[in-house]
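Hi everyone, thanks for coming.

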Amino acid sequence: PKTIYLKDYTPAPYLAKQVNLSFNLLPGKTIVTSEVKYVKNSAGASHDLVLDGEDQTILSVAKNGQPLSDYTVADGQMTIANPGDEFTLTIISEIDPAANTALEGLYQSQGTYCTQCEAEGFRRITYYQDRPDVLSVFTVRIEADAKAYPVLLSNGNLQDSGKLADGRHYTVWHDPFPKPCYLFALVAGDLERVADTFTTMTGRKVDLHIYVRSGDESQCSHAMESLKKSMKWDEEVYGREYQLELFNIVAVSDFNMGAMENTSLNIFNTALVLAHQETATDSDFMSVEGVIGHEYFHNWTGNRVTCRDWFQLSLKEGFTVFRDQEFSADLNSRAVLRIDDVNSLRRLQFPEDGSPLAHSVQPDQFIEISNFYTKTIYDKGAELIRMQHTLLGAETFRKATDLYFDRYDGHAVTCDDFVQCMADASGRDLSQFFRWYKQAGTPTLQVSSQYDAAQQSYTLTFRQSQPDTPGQTDKQSLHIPVALGLLDANGKEILPTHVLEVTAREQTFTFIDLPGKPVPSILRGFSAPVKLETDLSDDDLRLLQVHDTDGFNKWEAGQTLALRTIQRVMADSQADISQFIADVGILIEQGLAGRGDKALLARALSLPMIGVIGQYLPVIDPAAIDAARTSVLKQIKSAHKEALAALYDANRNTGSFSITPEAMGRRALQHAVLEILTTTNGTGCASRSKAHYDAADNMTDRVTALACLSDSGQPQRAEVFADFYARFKNYPLVVDKWFSLQAIANREQIFNDLAMLRSHPDFNIKNPNRVRSLYTAFAINNPVKFHDPSGKGYAFLRDAIIELNAINPQIAARMVMPLREWKRYTPALQAHMKAALQAVLDTPDLSSDVFEVVSKSLN
Ligand code: B3K
Ligand code: ZN
């Protein structure tokens, strides 16, 4: 496989002035006719037209209507030497969507034809310059059997439609806005339509349609509401209006990721559209809202302004994640969302940054671009945008984004161009800041403090360091915004949030006129994606946990205390942690008194997850972490059993179901409490969980009960899981949950369970959701058994990676992820993980996707 380098970028040799595509969907094959008007690009270096194409049979090629034979096809490319300054090229080819299990290009999901072209799937549809900087106006004609495929969709506006002979029909779609081919989409199927409208800020009416399989219509209202909220939010917060007459969303069951932002024809995984209280959890409702927003926001950040090349992926993804995070924060509880986002960054992106696959937000090289849809590009990328927002302030940031859209609407640009707009609008020099885009790895920020009683001054000293990562050593210091507040010894805020800018390797800040030693609240709202090390005492943290005005840091202080406690127990299983246990009692009392936000209290009562704890340890031993963590949980339970039971009772479900932040907070709190109460997995725990299940009127409560029963050896476990399956066996998204909740069980017979699930009639290796529900759930959310000392957990994953390599390389490569951090584990685990990776690498016919991640992991 070939490595592609950012430094080798050159403009496309030809521009595509106009693209006419025609699809004839026939049983067993699809005929694609592509007629493209090419013009020599004066900026292009070469005179050869080089088109990408894969997995298709060329039926004919013609230039300006005359048959052309003077071309070569090799290694997935068609080359036409010196075709002239302006000409029309017509290529007719045949593809086989029904045989496409990679789910890239044109494929079928339960009979429905759909496409996925980002990043390089368009080349599986027709020969074209498959690169994001070639923008063109597309007209698309689709022809199919009218009865089997009554719905025929593509991008833009419907221009024409009609009946044909033999029961066939056609539609013609025209998208007036030039776009790269990765945003092309086509759907043909027998789908039901849910319709609504949105009136834009200038009074234009836009039709909104969601297409789903018959029977799913009643599960679309949350997605539709979310779409309307997104459209409004983008107008209000960014001044961005939607430009077309129609916005379509289609939900399909077989999809490699969550969703895709094709212009005016978003294609979604059903998991991110369908939501109903009986079948979706609160977290599903939140994800639907967030992802509907995310894809909609791409309309401006990604589609109207697109990427010059795939090294700029974070230009659209980082920015769009930041936009969807802010959208959700505006609609829900800001602190809760920030806590959840940072938790996920630490659990999933920090490990990536510390692994052999660490890469920068604007990478320099890749083999397979599909492997770069990572937590780093998306979530760390979003943190980079957030830091610019913090440095500039909301108002100047908005001026900068206005400038960005003004300057680059209709263009394909780079991350450098984006940051330049930030610099131009603010008059600031952001060249040092840009290093965040180029340097991989999570920086460490150490802070020490000194109070001078005589001078009444307080000094904070910051030291930043950047770890070496593959191909990068001796990194330069970064421009780090540190949001800081100061509290006095009574917990009163004496300095409200103030942003310090740390730019040097070591830098001090002095605060004067302080009659007493303050307690600092550092990195409020997690203002930079760093590992923070402070010299705060346990008492300082306890003060922050109670009094900090910043919701995130209040939670963070408690998590740091919990982390310290777990580490103490890891070092000495008999360690005295009574202070921590007593502090938890205070939180429970607060809950009983009805003080504070329930969603925040739920998070405060949850110990850091094993994956997060591991990030703070030099060598990861999941079983040892779990033992210490469980011991702390048991001590909490035994000390506060009555109070916890009372808190559980006080938060019982009354009234009718709703998904307001308050209602979700109540359920989250009950869940956190039930988790502690059932931590000993005895008979009482099982009846408690079963009672929770029996009382449930919604999926959140059911899943909570199943999660609390999952590790149990009591008979209620089988009863409840069987009832759950019987009730929901016709809902594939719920059956996914049934698989996951068993795969995460930390219990002896897990490997038998996994084998049983793998051979269950509902398991389907070709459906990515089902694969994730078993394998990803196990490998990511069952750290103890995945890292079983026998190595059986790794072998289970290894076999699936090898099997999927031939079926769906993108999904296979994703599944390698949990193995790539092997160097962080104990020597015995390392050896097993390495052997699993080596076995994958030794597999014949390895896809370039899997080859890249496995070979780099082993480096
Ligand atoms: N842009 C798509 C992701 C495409 C992934 C291709 N392997 C969805 C999103 O980020 O919105
Ligand atoms: Zn995106």
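Predicted model: local features only at pLDDT ≥ 70, side-chain atom pairs only at ≥ 80, totals over all residues.

Helices here are DSSP runs of H or I with at least four residues, strands are runs of E with at least two, and both are numbered from the N terminus. Residues are numbered from 1 along each chain as its sequence is written, and chains are lettered from A and ligands numbered from 1 in the order in which they are written.

Let's start at ligand 1. Which element gives the largest share of the shell around ligand 1? That is helix 2, with three residues. Helix 2 spans 282-298, and strand 20, at 259-260, also supplies at least two residues. Among the surrounding residues are E118, H294, H298, E317 and Y373; to be counted, a residue needs its C-beta atom, placed from the backbone, within 6 Å of the ligand. By class, the shell has five nonpolar, three polar and four charged residues. Here Ala, Val, Leu, Ile, Met, Phe, Trp, Tyr, Cys and Pro count as nonpolar, Asp, Glu, Lys and Arg as charged, and the others, Gly among them, as polar.

Now the annotation. An unreviewed UniProt entry marks residues 223-435 as "domain: Peptidase M1 membrane alanine aminopeptidase"; such annotations may be inferred rather than shown by experiment. This span is 55% helix and 9% strand, and its end C-alpha atoms lie 38 Å apart.

Within those residues, let's stop at G410. You'll find G410 in the loop between helix 6 (394-408) and strand 24 (412-413). Is G410 buried or exposed? G410 is exposed because 11 other C-beta atoms lie within 10 Å; the rule is 12 or fewer for exposed, 20 or more for buried, and partly exposed in between, with C-beta atoms placed from the backbone. Leaving out residues up to four places away in sequence, G410 touches P178 and R304, where contact means C-beta atoms within 7 Å. From G410 to N782, 372 residues along the chain, the C-alpha atoms are separated by 46 Å.

Finally, the domains. Their bounds come from an automatic or database assignment, which includes domain 4 (536-677) and domain 5 (729-859). The centres of these two, taken over C-alpha atoms, are 30 Å apart. Eight residues from domain 4 and six residues from domain 5 make the contact. On the domain 4 side, helix 13 (610-614) and helix 14 (622-650) each give two or more residues.

Notes. Contact = placed C-beta atoms within 7 Å.
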